[in-house]
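Have a look at the structure first, then read on.

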Amino acid sequence: MHDVQINPIKNRLYINFGDGDYIDNTAYVNATENACRNLAFNFSCVAVLNKKGIVCQSDIDLLFNIVDLVTAYGADKIILVRKNNDNSGFFQRNLMYFQADLTLENAKNIQEAENILDQSTQQC
C-alpha cells in the first residue's frame, strides 16, 4: 500500500512505497506534493520501501519521480527503510545514482530511521 503522512513538529515526511492491486500514481504524487507543501524547507523524509515480488518499470519510475519531487520541495535528507527479503535493495542502488544533491541513508526499520534523523536534528 502507498501512503503519505507528515509530522509537522519534526518537519518530517513519511512515504510508504508498497504493494497494492491498483495504485493511482497521479493521486499518490499529488498527495506527496500536498504533504511537502505543509513542511518547512530542509525537511527530512522516511521512505519505507516495502515492495515485494516483481519490480516493474512503472514502480521504478514512480519512486524516482517521488524522490525528485521531495527533493525539489526541499528535503535535505532521506532515510530509506528497506524491509528484509524484498526488492528494496534494487531501489536503493538505483537511487544512489539518481540524486546526488541529497543525503540518502539506509535503515533496517522505521525506528532506526527516526533515531538517525532525530540525532542529526539535535546536532544542528
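How far does helix α2 reach from its first C-alpha to its last? This is a predicted model, and in it α2 covers residues 57-72 and reaches 22 Å, close to the 22 Å expected at 1.5 Å a residue. The points below go through this helix, its partner and the core.

**The helix itself**
- α2 has 16 residues, and the buried ones are Asp59, Ile60, Leu62, Leu63, Phe64, Ile66, Val67, Leu69, Val70 and Thr71.
- After α2 comes Gly74, with a positive phi near 110 degrees.

**Packing against α1**
- The axes of α1 and α2 sit 10 Å apart, and the two helices pack at an angle of about 20 degrees.
- Because angles under 35 degrees count as roughly parallel, α1 is roughly parallel to α2.
- The crossing of α1 past α2 is right-handed.
- On the α1 side, Asn25, Tyr28, Val29, Thr32, Glu33 and Cys36 make the contacts; they meet Leu62, Ile66, Leu69 and Val70 of α2.

**The nonpolar cores**
- The largest nonpolar core has 21 residues, and those touching the most other members are Leu13, Ile15, Phe43, Val70 and Ile78.
- At least two residues of this core come from each of β2 (12-18), α1 (25-37), β3 (44-50), α2 and β4 (77-82).
- α2 gives the most to this core, namely 5 residues.
- Another core, of 9 residues, lies apart from that one; Tyr14, Val48, Ala107 and Leu117 are among its members.

Conventions: Residues numbered from 1 in each chain as written. Predicted model: local features only at pLDDT ≥ 70, side-chain atom pairs only at ≥ 80, totals over all residues. Heavy atoms only, no water. Helix = DSSP H or I, 4+ residues; strand = E, 2+ residues; numbered from the N terminus. Expected span 1.5 Å × (residues − 1). Buried < 20%, exposed > 50% of the residue type's maximum accessible area, 1.4 Å probe, protein only. Core = buried A, V, L, I, M, F, W, Y, C linked by side-chain atoms within 4.5 Å. Axes fitted to C-alpha atoms, helices over the stretch in contact; angles between N-to-C directions. Parallel < 35°, antiparallel > 145°, perpendicular 65-115°, else oblique. Left-handed = near helix turned anticlockwise from the far one by under 90°. Contact = heavy atoms within 4.5 Å.
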